[in-house]
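Good morning, colleagues. Please bring the model up on your screens, and I shall then take you through it region by region.

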Amino acid sequence: GDIRDTEVEDATKVIESMKIRSFERKDSHKKYKIGFIADELEPLDPNLVDGGGVLDGHPYYKSVNNLQMIAYVVKAMQELNLRVNNLEKMKNFKEN
């Protein structure tokens, strides 16, 4: 396999640039109070989106790839945790 560490260095910045929306789905007309628009996520990382185009003669609506989204969230949490730990170390160093 070709497994290596991610090249995503600033997941926090990607997460910050995601717009949180309320919307109605085109296919089911179900209303969501909070979520994401696939077309807005796609420029951030095309892997955040599944679908698009036509499948078997029907529109194949875009949707959010939740596993990719979770990976960004976990990476961003790791980045933020590192920043918090570094700030706590600096604070403790200054107090002693």
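**Tyr-61 and its surroundings**

Let me begin with Tyr-61, which touches Lys-26, Asp-27, Asp-50, Gly-51 and Gly-52 once residues up to four places away in sequence are left out; contact here means heavy atoms within 4.5 Å. This is a predicted model, in which local features need pLDDT of at least 70 and side-chain atom pairs count only at pLDDT 80 or more, while totals for chains, interfaces and linings use all residues. Residues are numbered from 1 along each chain as its sequence is written, and side-chain values use heavy atoms, with hydrogens and water left out.

Tyr-61 sits in the loop between S5 and strand S6, residues 63-64. Helices (H or I, at least four residues) and strands (E, at least two) are DSSP runs, numbered from the N terminus. With a relative accessible area of 36%, Tyr-61 is partly exposed. On this scale buried means under 20% relative accessible area, exposed means over 50%, and partly exposed lies in between, with a 1.4 Å probe and protein chains only. One of the residues that Tyr-61 touches is Gly-51; the two are ten residues apart in sequence, and their C-alpha atoms are 5.7 Å apart in space.

**The chain as a whole**

How many helices and strands does the chain have? There are three helices and six strands, and along the sequence they follow the pattern α-β-β-α-β-β-β-β-α. The radius of gyration is 18 Å, well over the 12 Å that the globule rule gives for 96 residues, so the chain is more spread out than a compact globule. That radius is taken over C-alpha atoms, and the globule rule is 2.2 Å times the number of residues to the power 0.38. Along the principal axes, the C-alpha atoms fill a box of roughly 70 × 40 × 15 Å.

Of the 96 residues, 17% count as buried. Among contacts with a separation of 6 or more, 35% are accounted for by residues 24 or more positions apart. The chain exposes about 8100 Å², of which carbon and sulfur atoms supply 55%; these areas come from the Shrake-Rupley method with a 1.4 Å probe, and for residues only the protein chains shown count as cover.

As for charge, there are 15 positive and 17 negative side chains, and the centres of the two sets lie 7 Å apart. Lys and Arg count as positive and Asp and Glu as negative, whereas His and the chain ends are not counted. The place of a charge is NZ of Lys, CZ of Arg, CG of Asp or CD of Glu.

**The loop between S1 and S2**

I turn now to the loop between strand S1 (21-24) and strand S2 (31-35), where His-29 is found. His-29 has a positive phi of about 60° although it is not a glycine, and at 52% relative accessibility it counts as exposed. Lys-30 lies in this loop between S1 and S2 as well, and is partly exposed at 47% relative accessibility. Leaving out residues up to four places away in sequence, Lys-30 touches Phe-23, Glu-24 and Arg-25.

Phe-23 also takes part in a ring pair. Which two residues form the aromatic pair? A search of the whole structure finds one such pair: Phe-23 and Tyr-32 are stacked, at 5.2 Å centre to centre and 20° between the planes. Rings of Phe, Tyr and Trp (its six-membered ring) pair if their centres lie within 6.5 Å; planes under 30 degrees apart count as stacked, over 60 as edge-to-face and the rest as tilted. Phe-23 is partly exposed at 22% relative accessibility, and Tyr-32 is partly exposed at 30%.

**The loop between S4 and S5**

Asp-56 is found in the loop between strand S4 (54-55) and strand S5 (58-59). Asp-56 has a positive phi of about 55° although it is not a glycine, and it is exposed, with a relative accessible area of 71%. Gly-57 lies in the loop between S4 and S5 too, and is exposed at 65%. Gly-57 and Ile-70 are 13 residues apart in sequence, and 31 Å apart in space from C-alpha to C-alpha.

Val-64, in strand S6, is in contact with Phe-36, Leu-41, Leu-48 and Met-69, leaving aside neighbours within four places in sequence.

Finally, is Glu-79 buried or exposed? Glu-79 belongs to helix H3, residues 66-95, and counts as buried at 13% relative accessibility. Apart from neighbours within four places in sequence, Glu-79 is in contact with Glu-9, Asp-10, Ala-11 and Thr-12.
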